[in-house]
Amino acid sequence: MALLETENLVKEFGGLVATDEVNLSVEEGERVSIIGPNGAGKSTLVNLITRRLDPTSGDIRFKGESIVGHDPHEVVQMGVSKSFQTASIFSDLTVRENAEIAALASEHGSFGFKLLEHRDSLTGVHQVARDTLDAVGLLDQADRQASDLPYGDKRRLEIGIALAAEPDLLLMDEPTAGMSPEETEATVDLVEEVKRELGLTFVLIEHDMEIVFRISDRIVVLNRGQVIAEGTPDEIKGDAAVQEAYLGGVEL
Amino acid sequence: MSDEPAAATDGETGGSFADTVGIWMPRGDELRVMTATAVVLAVFPFVFSRMPVVSDLLQGYQSLATLILIWGIFALGFDLLLGYTGLLSFGHAAFWGGAAYAAGVFSQHVSGSPILMVLAGTVFAVLLAWFLGFLSLRRGGIYFAILTLAFAQMMFYMSSSPLAFITGGENGFTGVETAELFGLFPLESELPLVLETLLGTWLYAFVAVIALLCVALGYRILHSPYGMVFRAIRENEQRAEFVGLNVWRYRLMSFIISGFFAGVAGSLFVIHGTYVPLSSLYWTTSGEVVIMTVLGGTGSLFGPVVGAGVYLYVENIVSGGHPFEFVAPFWHLILGLVFVVTIWVFPRGIWGFFRDVRDYVTGGED
C-alpha cells in the first residue's frame, strides 16, 4: 500500500483548472520530486495534500485513510509535515523554542490541558527539540532569537521545525529557494542525511534540476495541472515530452 | 516496564518530596518571583498611604491601593490574551461586569462569604468567556475586536433594562451583602498589630493574597507549554497550525483564561465597592483595561499591573488636584498625555522601559 495517494484530484480556481485529475502515489521510503514550469500546479498540489486548500473533486489518502475533510493540524498529527517555501518560523521565539513548539505538537498532540505544568518537566519535548537542532546544525545557536539568524540558517530552522514534528512524510516546497550555492549544498547534504538516518519519505518541489536529479528516486512532471511524465531521473532526462514542455527542448 | 513512566520520574528533580507536591512545586525562578511579589504587595499600602514623607508626596490612600490590585489582576489576565496570544478583545467588560453582577447577586441570595463570592463570579465569567469566545473567535483581527465589543454591549443593554429586575438597571446593583471573611473578620476592619501599619484592612489582605495567587498562576501558565504556544500563535498562526497544533482551541483557552482573571477581578471589585455600577459592563471599561495594559507594557506579566496603577493614580489622585490644583479638571487630558508620551518614548510600555534600563545596567544579561 502506498503511503500517500491522490485519486483523480481536481482543483479549480474559477475557470482555471490548477490540478487536473492528478493520480499520484508515493511509496514508503521514497523520495519523489515534483517538477514543472511556473503555474504547473505544483504548489496547489502540495497545498491540497496539506489541507490548506479544499479539492474540487477527487480523493487524497494517507496510510490508506482519506484526509479530505480533516483540518491541517490533524493531517500533521497523522504524520504529514511541510516545510514552507519561505522561512516560516516563529521570529520572536528562540531557536530552541521554535523546535520545541513542533516537538510539543508531535509528543503531546494537537491540544492539551497542561497549562499548569512547568515546561521543564516535558523531557520528551526537550529531547526531540535537541536532536532536531543537532540534526540541522543549529544546536550551538539554540538560545538565539530566531529573527537574528542569517537567511540560510532560518531556512534550515524551517526544515528543522518540519522535522521536529516527527513526520512519516515530509513535503518540501523549494527548500533551497533563495539560498547561496554553499547554503544549497549544505541543505542537499542535510536532506540526504535525514533520508539516511530517519528513513523519511520525501516529496520535494524544486526548480533546481541539479538537486532534483541528485536526490530523487522518482520524478513526477506536471504541466498545466496534469502529470505528463513520471519515472527515474534517467528516464525523465530522456523523455521527449518533458524536454518540450519544461526543459524547453534543451539537450541535457 | 515501558519507558514512559521512567521518563516522567526522570523529569522530577526533588525525589519523593517533588512526587507529593507534583506540579505545584516551584520551578526555575518561581520562588524568587513569588517572594518579590509578596514583599511588594506587603509594603505597597504602607508606602502608598501611610509612610511619612512618601505618602505625603503621593497622596495615596488605602482604598485606592486595594483598587489598583483589583484592576491589576484584570489587566494581567487581559495581557495573556493581548500581549501573548495577540488577540485584541474590546469586550472584556462582559467578564468584569458579568462577574461583578454574578458575585453581587450571589451574595444577596446565597452566601456573602467573600471566598464564595469570588468563586461564583469567576465561574460565571469563565462560562461566559467559553460561550462568547466560541462565537467571537470565528473571526480574527478587527472582526474579533468588534464581535467582542458587540457581545459586551449586548450584556450592557440586557442589564440596563430587560434584566433590570435582577441587576437594578440604571441604578446599578445595590443589594450586595458581604459577610465576614471565614465568618470572623469584617473586611473593612483593621488588621492586628504591625499588619495594620503594613497592610491596613482585612480587605487589602484578602485581595493581596488573591493577587499573589493570580501572579503565581499567570507566571506558571506563561512557563507551561501554553505560554510558548500562545507566543507561537501570535508570531505565526499558520505555522502553528502546520506543526500540528489546534490553534483554534488554544485561542479559546487563552480567551477563557483571560476571562478567568477578569472574573476574579470583577468579583473583588464588588466586594471592594459593595456595589455594581452599570458602567462596569459599558464599553469604556473594556477600553480602560486595554489602555492600562498597553500603558504598562504588553507581553509582560507585571507591566499591566503597573499600567493599572498609573492609570488609577491619575484618575483618582491627579483628578483631585494633586500635585497641582489647576490640573484637576484636565485629568483626562493628563491621562492622554501620559499614554501618548509613554507609547511614543517607550513603545513597549513602562515595563518595557524598566527592562531596557535593566539590560543596559547588567549589560544585556537576563
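Let me start with a definition: the radius of gyration here is taken over C-alpha atoms, and the globule rule is 2.2 Å times the number of residues to the power 0.38. For 252 residues, that rule puts a compact globule near 18 Å; chain A has 19 Å, which agrees.

Two housekeeping points. This is a predicted model, where local features need pLDDT of at least 70, side-chain atom pairs count only at pLDDT 80 or more, and totals for chains, interfaces and linings use all residues. Residues are numbered from 1 along each chain as its sequence is written, with chains lettered from A and ligands numbered from 1 in the order in which they are written.

Now the overall picture. Chain A has nine helices and ten strands. These are DSSP runs, numbered from the N terminus: H or I, at least four residues, for helices; E, at least two, for strands. Along the principal axes, the C-alpha atoms fill a box of roughly 60 × 40 × 35 Å.

On to helix α5 of chain A, residues 151-164. Its 14 residues should span 20 Å at 1.5 Å a residue, and the end C-alpha atoms are 20 Å apart, which agrees. The expected span is 1.5 Å times one less than the number of residues.

Is α5(A) largely enclosed or open? Largely enclosed, because twelve of its 14 residues are buried. Buried means 20 or more other C-beta atoms within 10 Å of a residue's own; exposed means 12 or fewer, partly exposed in between, with C-beta atoms placed from the backbone. The buried ones include A:Asp153, A:Arg156 and A:Leu163.

Just after α5(A), A:Glu166 takes a positive phi of about 50°.
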